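This report covers a hairpin, aromatic pairs and charges over rings. The sequence and structure come first.

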Amino acid sequence: SLTYRIETPDGRQRDATPDDLTPLQRRMMATQPDLILQYAHHLRDRYAREGQPVRVFADAWVSTNGHRRRRLVDPTVDLAAEEDTVFGFDWVLTEDDPRGID
């Protein structure tokens, strides 16, 4: 599962889901950190075009190989400010990270 939280500079928050994507795109994105980041940047840019800077956070949960579900990304990281890089993302939680436990 994947939900985004959008936060305005005055502290207002709203949840957003990637409803503008196809079901296949949503399933693929929910398990791939690079796509989670790209959609966070899409949300940031969409609000910026409306003249409103925002911070974007993601809450993504995955279950692999029959294991208990766990959080995939750190929900406290503003993905709107993160760079898309080929060197990996430090906001992706490892399997043994206690922040990823349900």
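## Tyr4 and the aromatic pairs

Tyr4 is buried, its relative accessible area being 0% (buried is under 20% relative accessible area, exposed over 50% and partly exposed in between, with a 1.4 Å probe and protein chains only). Tyr39 also counts as buried, at 6% relative accessibility.

The model is predicted: local features need pLDDT of at least 70, side-chain atom pairs count only at pLDDT 80 or more, and totals for chains, interfaces and linings use all residues. Residues are numbered from 1 along each chain as its sequence is written, and side-chain values use heavy atoms, with hydrogens and water left out.

Two aromatic pairs are found in a search of the whole structure. Tyr4 and Tyr39 form a tilted aromatic pair, 5.4 Å centre to centre with 40° between the planes. Rings of Phe, Tyr and Trp (its six-membered ring) pair if their centres lie within 6.5 Å; planes under 30 degrees apart are stacked, over 60 edge-to-face and the rest tilted.

## The hairpin

Strands S1 (residues 2–7) and S2 (residues 13–16) pair in the antiparallel sense over four bridges. Pairing requires at least two DSSP bridges between two strands; helices (H or I, at least four residues) and strands (E, at least two) are DSSP runs, numbered from the N terminus. Glu7 has Gln13 in S2 as its bridge partner. Five residues separate S1 and S2 in this hairpin, and Gly11 in the turn has a positive phi of about 95°.

## Charges over rings

Arg5 lies over the face of Phe57, at 4.2 Å from the ring centre. Arg69 lies over the face of Trp61, at 4.4 Å from the ring centre. A charge sits over a ring if NZ of Lys or CZ of Arg is within 6 Å of the ring centre and within 35 degrees of the ring normal.
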